[in-house]
Amino acid sequence: MDLGIKGKRALVCASSKGLGLACAWSLAREGADVVMAARTAATLDAAADAIRKDTGATIVTVAADVTTEAGRQALLAACPEPDILVTNAGGPKPGDFREWSREDWIAALDANMLTPIALIRATVDGMIARRFGRIVNITSAAVKMPIDILGLSNGARAGLTGFVAGLARQTVRHNVTINNLLPGPFLTDRLRQTAERAARDGGKTVDDVLAARLATVPAGRYGDPAEFGDACAFLCGARAGFMTGQNLVLDGGIYPGTL
Ligand code: NAP
């Protein structure tokens with residue numbers, strides 16, 4: 001299927017590794033010009049080189065912290081009029097809510113709610129004027145199935161989800177869609193780090209923790225980030241213009257509900 005996004009400009013945040021990288025890669029394979037961002041320049045440039053070699057796409061990198069105003073300005077300077085925006089940032093730390101200060105909450109809200117909203121605010125009116133826009137927010141399956149130790153994530157991402165639900169119905173008549181992708185367990189650095197912490201806290205090995213988590217996945221395996229990237233590219237495609245305000249769970253069947 002031709003997704004109809006050849007030559008479209010895509011801004012993909014937090015994309016030197018993991019799920020963001022997979023989204024950038026899939027969009028590049030579909031012919032989009034991609035601006036990639038992450039804080040660590042060396043990792044980001046190596047990732048961009050790998051995508052260029054594989055796809056021949058035009059890739060620009062911006063080493064910046066997307067959760068800061070200066071970082072977002074740097075991204076928008078490199079890609080002032082994106083047709084496609086994929087918002088993403090690192091997830092908040094796990095823990096017990098009794099230990100979290102107001103600053104911890106503000107940091108989580110900044111990274112996982114207010115940063116995507118700021119980027120949407122900066123780009124959505126241009127998309128509306130050009131009558132094409134695809135916005136995908138990388139959130140978490142925890143939006144539908146909260147994880148007890150990830151209260152900062154559960155709370156901040158729920159806020160973003162509520163905001164998007166309202167806005168997505170206003171923009172769709174202009175061919176601008178806004179959807180959220182909700183990852184379950186994908187084998188990325190983030191998942192490995194979470195497993196290492198759980199192993200330390202529980203006196204187990206990392207392999208034991210990963211095996212126990214795997215046992216909860218009906219698919220019988222962890223998600224491959226490339227599968228996530230391709231789902232993102234589909235949502236960003238010209239053919240996905242009738243789909244907006246949705247929360248698409250990619251979790252190998254973990255979420256047990258009918259709807
Ligand atoms: P990952 O493999 O650790 O990759 C994170 C990427 O984001 C890296 O490229 C990192 O590069 C970049 N990044 C982090 N903070 C940034 C910032 N402030 N500004 C710019 N770039 C930043 O993580 P992942 O597994 O892909 O997770 C992506 C998101 O999905 C996270 O919010 C995570 O909580 C969520 N999620 C993941 C899973 C999963 O199973 N993997 C499940 C549920 C939710 P630098 O460090 O160099 O900036």
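These are my notebook entries on what I looked up in this structure, which is a predicted model.

**Entry 1. The ligand and its shell**

The ligand is surrounded by 28 residues, and Ser16, Arg39, Thr40, Ala89 and Thr188 are the closest of them. I then sorted the shell by residue type. It holds 11 nonpolar, 11 polar and 6 charged residues.

An N or O atom in the side chain of Thr40 is 2.6 Å from an oxygen atom of the ligand. For Lys17, a polar backbone atom is 3.0 Å from a ligand oxygen. For Gly91, a backbone N or O atom is 3.3 Å from an oxygen atom of the ligand. I also noted the covered area: the ligand taken alone exposes 880 Å², and the protein buries 91% of that.

Which elements give two or more residues to the shell around the ligand? I found helix H1 (18-29) and helix H6 (189-202). H6 supplies the largest share, 3 residues.

Domain 1 (9-186 + 226-250) and domain 2 (188-222) each give at least three residues to the shell around the ligand.

**Entry 2. The largest nonpolar core**

I turned to the largest nonpolar core, which has 34 residues. Leu27, Val34, Met36 and Val86 have the most contacts inside this core.

The strands are E1 (9-12), E2 (33-38), E4 (84-87) and E5 (133-138). The helices are H1, H2 (41-55) and H8 (225-235). Which element gives the most to this core? It is H1, with 6 residues. H1 is also one of the elements that give two or more residues to the shell around the ligand.

**Entry 3. The loop between E1 and H1**

I looked up two residues here, Ala14 and Ser15. Ala14 is in the loop between E1 and H1, and Ser15 lies in that loop too.

Is Ser15 buried or exposed? Its relative accessible area is 0%, so Ser15 is buried.

I noted the backbone of Ala14 separately. Most residues other than glycine have a negative phi. Ala14 is not a glycine, yet its phi is positive, about 50°.

I also took one distance from Ser15. Val124 is 109 residues from Ser15 along the chain, and their C-alpha atoms are separated by 21 Å.

**Entry 4. Asn88**

Asn88 is in the loop between E4 and helix H4 (102-130). Asn88 counts as buried because its relative accessibility is 14%. I found a polar contact from Asn88 to Ala14: a polar atom of the Asn88 side chain lies 3.0 Å from the backbone oxygen of Ala14.

I looked up Asn175 next. Asn175 lies in the loop between helix H5 (151-171) and strand E6 (176-183). Its phi is positive, about 65°, although Asn175 is not a glycine. At 24% relative accessibility, Asn175 is partly exposed.

Where is Gly257 placed? Gly257 is in the segment after strand E7 (247-250). With a relative accessible area of 35%, Gly257 is partly exposed.

I then took the distance between Gly257 and Asn175. They are 82 residues apart in sequence, and from C-alpha to C-alpha they are 30 Å apart.

Leu250 is in strand E7. Leu250 and Thr43 are 207 residues apart in sequence, with 26 Å between their C-alpha atoms.

Thr67 lies in the loop between strand E3 (59-63) and helix H3 (69-78). Thr67 counts as partly exposed because its relative accessibility is 25%. I took a distance from Thr67 as well: Ile106 is 39 residues away along the chain, and the two C-alpha atoms are separated by 11 Å.

Terms used. Residues are numbered from 1 along each chain as its sequence is written. This is a predicted model: local features need pLDDT of at least 70, side-chain atom pairs count only at pLDDT 80 or more; totals for chains, interfaces and linings use all residues. Side-chain values use heavy atoms; hydrogens and water are left out. A residue is near a molecule or strand if one of its heavy atoms lies within 4 Å of it. A polar contact is a pair of N or O atoms within 3.5 Å; within protein, one must be able to donate a hydrogen and the other to accept it, and residues adjacent in sequence count only if both atoms are side-chain atoms. Accessible areas come from the Shrake-Rupley method with a 1.4 Å probe; for residues, only the protein chains shown count as cover. Helices (H or I, at least four residues) and strands (E, at least two) are DSSP runs, numbered from the N terminus. Ala, Val, Leu, Ile, Met, Phe, Trp, Tyr, Cys and Pro count as nonpolar, Asp, Glu, Lys and Arg as charged, and the others, Gly among them, as polar. Domain bounds come from an automatic or database domain assignment. A nonpolar core is a set of buried Ala, Val, Leu, Ile, Met, Phe, Trp, Tyr and Cys residues joined through side-chain atoms within 4.5 Å. Buried means under 20% relative accessible area, exposed over 50%, partly exposed in between (1.4 Å probe, protein chains only).
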